[in-house]
Amino acid sequence: MEPRHVPQQLLETPLCRWHEAHGGRMVDFAGWKMPVQYASIVEEHLATRRAAGLFDVSHMGRLAIDGPESKAWLESLLTRRVADIEPGRVRYTLITGGPEGPSGGVAILDDALVSREADAADGTPRMALVVNASNRDRVVAWLRAKLPASGVAFVDRTFETAMIAVQGPLAIEMVCQLCTDADASRVRQLGNYRAASVAVAGRPAMVSRTGYTGEDGVEIVVAAADAVPVWEAIHAAGSPRGLLPCGLGARDTLRLEAGMPLYGHELREDSDPFAIGLGLAIQLDGRCFPGAARFTELRGRPQGRVRVGLEFDSKRTAREGSSVWQGDREVGCVTSGSFAPSLGRAVAMAMVDRDVATAGTPLDVLVRDSRQAARVTPLPFQRRPAAVAAG
């Protein structure tokens, strides 16, 4: 008898029931049941730009790496330097794998945030990784295959914790309302890409000044059992000042306006990270990690297409895969596109030939069998005042 295909049951975050009870339109995202929106993607987007947005990002993988050799082990596997990372610091990095040989073959498995938490009482480093939901399984498998015989303990804590993002110009103050005076001071003083252990709404939390919207804000990791109380406390404190719960739709339009690459779109397994603008995530001098030789070659000999922003005068949206043209020559491909609520017009990111990548260059994009005029524009499309560079 032929086996019948049984649909895989979707994973649920600790906040899934809250989303359903409050009108979240639930979809399958990377095997997780997640809200794509509540009432309006545009309203949620603009609330985040003007006040604050509240996002459930518990679907993202949270991995803990402890032990006396944890820093050295991660140093050998990540593209960003880890050996000198200080407690409370967060860095953006890539995770690479694949064969090393004459061709320098390498696969970019994911982009991630690596952080060092407060050391254990005996001084042992405590490290953490946050990875994309769509890549968690293969990243976990890759890291476990590379574990040394001793000195490193690796645990996937995705299902025992939750992660909540509060993003927007009022986000920090809204979270600080739920902290003691001492903890509120610590949160306010956090630099960009820094983290601290505090209590939020009376629950132990790791708060990092990171996010994926181009706005100021924090991401809060709590125990799964504390997710609903902390979420509801933030919602109650922020709603009178304009905070809205937001789904994946607004998260995507916000990151697009901020010019942030997304794995599977701008960033892929075979990407040249320098062409995408991710050179900040690659530290090569004196280092050895999977793909280091190949990235050294790419850094020294720029080639292929590069990532650019495209701006349209209309609201007609180009989608991923739309071809980009200059006259009768195809010069690129759209990787992400959407209406930009903050700008009132359509924008896109694309990989294009280097000779047409100069800001202001007029191009055409094929949108539903019709050419739409566009022009190359610097990224990001939307920049908040006094934005701080990644640490």
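Predicted model: local features only at pLDDT ≥ 70, side-chain atom pairs only at ≥ 80, totals over all residues.

A cavity, as the word is used here, is a set of grid points where a 1.4 Å probe fits but cannot get out. By this rule the model contains one cavity of 30 Å³ or more, and the space in the largest cavity comes to about 30 Å³.

The residues that line the largest cavity are Met34, Pro35, Phe55, Asp56, Cys246, Gly247, Leu248 and Arg251. Three elements, namely β3 (32-37), β4 (53-56) and α8, each give two or more residues to this lining. Sorted by class, the lining of the largest cavity has five nonpolar residues, one polar residue and two charged residues.

Helix α8, which contributes to that lining, also takes part in a helix pair: the axes of helix α2 (residues 41-50) and helix α8 (residues 248-257) come within 8 Å and cross at roughly 55°. The crossing of the two helices, α2 and α8, is right-handed.

Which residues of α2 and α8 meet? On the α2 side they are Ile41, Glu44, His45, Thr48 and Arg49, and on the α8 side they are Gly249, Ala250, Thr253, Leu254 and Glu257. Taken by class, this contact of α2 with α8 comprises three nonpolar, four polar and three charged residues.

Note on methods:
Residues numbered from 1 in each chain as written. Heavy atoms only, no water. Axes fitted to C-alpha atoms, helices over the stretch in contact; angles between N-to-C directions. Helix = DSSP H or I, 4+ residues; strand = E, 2+ residues; numbered from the N terminus. Left-handed = near helix turned anticlockwise from the far one by under 90°. Contact = heavy atoms within 4.5 Å. Nonpolar A, V, L, I, M, F, W, Y, C, P; charged D, E, K, R; others polar. 1 Å grid on protein atoms, 1.4 Å probe; cavity = no way out; pocket = protein on both sides within 12 Å on 5 of 7 lines; lining within 4 Å. Points joined across faces, edges and corners; volume = space filled by probe spheres on them.
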